[in-house]
Structure formats: C-alpha cells, structure tokens
Amino acid sequence: MFDIRLSEEQREFRDLARKFAQEEIKPKAMALDREPDWEKRIPWDLLKRGSQLGFRTFVLQEENGGSGMSDHLTSCLVAEELAAGELGTAYYFMLTARRARDWIELRMTPEQKAYFLPKFLDDDLYFTTVAIHEPDTDVGFDYFTETPDNVRLKTRAVEQPDGSWIINGAKNFQTVGYLAKLLVVMAQTPDGAKPFLVEGSSPGLVRRPLPKMGRRVGDNAEIFFDDVRVPKGRILPPSPKGRTDIGTHPTIAALTLGLGRAALEETLKYTQERVSGGKLIIKHQAVGLTLAEMAMNLEAARRLIWTAAWVKDHPEAIEDGTVENRPYEHMATAFTGTAVQRLTEQGVELFGGMGIVQGMPIEKYVRDAHIQKHISFPFPSRFKIAEALAGFKRKVPPFVGVN
Ligand SMILES: Cc1cc2nc3c(=O)[nH]c(=O)nc-3n(C[C@H](O)[C@H](O)[C@H](O)COP(=O)(O)OP(=O)(O)OC[C@H]3O[C@@H](n4cnc5c(N)ncnc54)[C@H](O)[C@@H]3O)c2cc1C
C-alpha cells in the first residue's frame, strides 16, 4: 500500500541529521562560503564528524558496517536536513553514501568488494565521485541519464598484456572529484565505454577544483589522466537487471529542497524582524502572499521527492497499480530545481537592499540555487517526462565527438 508516513527509525535519522546540521554545520556555513582560499574551504572537521555520526555509511547493510537504512526516502530526509545546514558539505556525504550502496553492495564483484569496503569503512575521509563528462566532447546533457552504446569518449582505456588497463584523457565538473578516494571513470575501450574503479592515489591522476559562483564549499574538479594504471579486474559490473532502487536523483532533489528550506526559514525570520512602512514587513499583504507561495512550492517539491523515493523502493506498487506509473524522479528533480531557484529569488526580493549584501545568507542561497538548477538537468528531465507522457523514446543523436 502506498504509505509515506515516516517510521520511527526514519524520524530518528532525520532528527540526528537536523541536530548535526543546525548545531555544527550551519554556524560555519557563511564563513566557509566566503573563504577565498580553496583549501581552507574544505570542512575537514565537519566531514570527519559527520562520518563518525554515520552520514557516509548509514545506507549500507549492518553486515557491511552500515545502519541498514538503504531506502531512498531515508536518504532524502537526511539530505534535506544536511543541506539545510550547508549545501556543499551535505554533498560530500550524500552522494558518497548512495554510491556506497549502489557500487559496493549492489554492483561490485566479491573481489572488488573485499578490496574496497574495508578501505571505505576505515577512513572517515573516504569520498567518491563519478567521472563521465569531458571537456571538448559532445558528452553533455544528452548523456546524463544513460550512456548510449554509440558514445565514443575521448578518455581511453587500453588493456595491457597482464590484464591491467592504462587510462589517458580528461574529465571535468566532477562533484567531490578533488577529494574523492574512489572514482568511477567512464572510459572508452574497443568494446564500448566501461566504468573503471580508479583509486584517488593512482600515479598520473591530476585534479584541480574549478572556481564556482555557488556551492563553493563542495568541490567540482577537472581531472586529468596521464597513463593512469588500473589493476586487472577493476571494471564495475552493470546494475543488476530489474532493480529500481539504484541512482541518486531523489537524493539530489532533496539536497536542493534543503537549500530551499533554509532560504525560506531565513526569509521568514528576516520579514518578522524588519520594520518598514510602519510595520513588520511580513504584515504587508504582498510579502505574506509571496512567503505563502514559497512555502507551497517547497511543500509540493517535498511531496514529489518523497513519492519518487518511495516508488524507487517499492516497484511492486507500480506493478499492482497502487501507484500510477509516472516519471516521478524526473518530475521531482526538474520541479525542485526550478522551484528552489525561484524561491531564493523571491527571498532576495523580500530582503530588500540587504538581500544583495555579501554575508547575508540569502545571497549565498541564490548562488547555490543556480548550481542546483543546472544539476536538476532542466531540459533532459523534461524530455524524460515528455517521453513518458507520449509513450515514445527520444532518439539520442549519434555521437559526434572528437576521436
Ligand atoms: C555543479 C555540477 C556538478 C557536476 N557533477 C558532475 C559529476 O559528478 N560527474 C560528471 O561526470 N559530470 C558532472 N557535471 C557535468 C554535467 O553532467 C554537465 O555539465 C551536463 O551534463 C551538461 O553538459 P554541458 O555542460 O556540456 O552542457 P551542454 O550539453 O553543452 O549544454 C549547453 C546548453 O545546450 C542545451 N542542450 C544541450 N543538448 C540539448 C538538446 N539535445 N536539446 C536541447 N537543448 C540542449 C542545454 O540545455 C544547455 O542549455 C557537473 C556539472 C556541474 C555544473
């Protein structure tokens, strides 16, 4: 039965994340964002502390060192809370957590798991990234949901006589790419593009964080591969057929939601403190109406995200007709990205002149929301929705890359 009432365990995780985010992350958010030196923007103490609280590992089964909370709804609850504290810091935990489940538990071979799981568990600063996007090739928005068979990546892997592989090429924009200790790198082989498990310590790997307008705390990196050797047996197997509970879309939407919630909370606070035109500005009717619209859109986004998460974990609900078959995760991603960008802009208007002053949180939220709008894949998500509505599959154009 379709039921998204939260369990006691889910509420416990949400509350733990809220306490950590509000008491430890949020007080540091503005100072971190304004720090000009990239290295000093890495929140080492928060990353360590958050890992010790379990925010990197909670999605793993108990026998694998986690808390067994592998469902997507719990991840969305935790993501919203952490991002309401500080978006970039939340990214480190949440993408790594979901990928630990997808890669280590659901996809790795027993040998790969035996090698990577202990490393992942023993190191509080073990984060991961996925490297698909490349500079100067035609692997952009069209390839965000699936890498088509006809793709020809510029980054190449060449098999050696001993079964190891040598990778050469370049990637860019990878989230958490600078700090990642495990990278899944899509590289071209004679049998098509394959996902290689590459360790961050590999000789020949050069990484550089990209300067960004928003989400300045979590890094996005350029990554160069100069004869990077990957041992034999390190191609990540594909997702098991038929599993719907793989992927990060609802979690990313929930991260955006957390940012939006923080923006609404700060705006609500400010409009109840600032007096202008003879009264608290919240008492001006137009201000109240704007706040109401912000709150409605945020709640609509939350409902869509929770539905998307729940359905990912309960494919039987689609099969038995309890829930209608809709592209919920694409709807959640696209709607939240657009709604939160709009919401932060409404917030900045309600702050008046103070809205554009550096050091006011709303100004950071506007910049962060632009990054989240991009990462909500506004066009491809909508293509997917249109395909589902009309019952067709859009033909991905043949790759015209640089080979
Ligand atoms: C913050 C951030 C995090 C990222 N994280 C990662 C990561 O972890 N790993 C990774 O590999 N990559 C990552 N990326 C890269 C991301 O996947 C690409 O930026 C994205 O796929 C878009 O590609 P592009 O930038 O080349 O844009 P392009 O594809 O060049 O698009 C440019 C413009 O053209 C439009 N456009 C493109 N194709 C079409 C089409 N078919 N129809 C209509 N309009 C179209 C787009 O909508 C857009 O407006 C990240 C990027 C950012 C900014």
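How many of the 23 residues of H6 are buried? The count is 19 of the 23, so H6 is largely enclosed by the rest of the structure. Here, a residue is buried if 20 or more other C-beta atoms, placed from the backbone, lie within 10 Å of its own, exposed if 12 or fewer do, and partly exposed in between.

Before going further, a word on the model. It is predicted: local features need pLDDT of at least 70 and side-chain atom pairs count only at pLDDT 80 or more, while totals for chains, interfaces and linings use all residues. Residues are numbered from 1 along each chain as its sequence is written. The pLDDT, the predictor's confidence in each residue from 0 to 100, averages 93 for the protein, and 95% of the residues score at least 70. Over residues 398-403, however, the pLDDT is below 50, although this stretch has 15 contacts in the model beyond near neighbours in sequence. Where pLDDT is low, the predicted coordinates should not be read in detail.

**Two helices**

Helices are DSSP runs (H or I, at least four residues), and strands (E) need at least two; both are numbered from the N terminus. The expected span of a helix is 1.5 Å times one less than its number of residues.

| Helix | Residues in helix | First to last C-alpha | Expected span |
|---|---|---|---|
| H6 | 23 residues | 33 Å | 33 Å |
| H10 | 15 residues | 21 Å | 21 Å |

H10 covers residues 361-375. Of its 15 residues, 12 are buried, so H10 too is largely enclosed by the rest of the structure. Among the buried ones are Pro361, Tyr365 and Ile371. The buried residues of H10 pack against several helices, including H1 (8-34), H6 (249-271) and H11 (378-390). Just after H10, phenylalanine 377 takes a positive phi of about 45°.

Two residues are in contact if their C-beta atoms, placed from the backbone, lie within 7 Å. Leaving aside neighbours within four places in sequence, leucine 255 is in contact with residues including Ala79, Leu87 and Met94.

**The domains**

An automatic or database domain assignment gives domain 1 (8-127), domain 2 (129-230) and domain 3 (249-390). The C-alpha centres of domain 1 and domain 2 lie 22 Å apart, and 20 residues of domain 1 are in contact with 13 residues of domain 2. On the side of domain 1 that touches domain 2, H4 gives the most, with eight residues.
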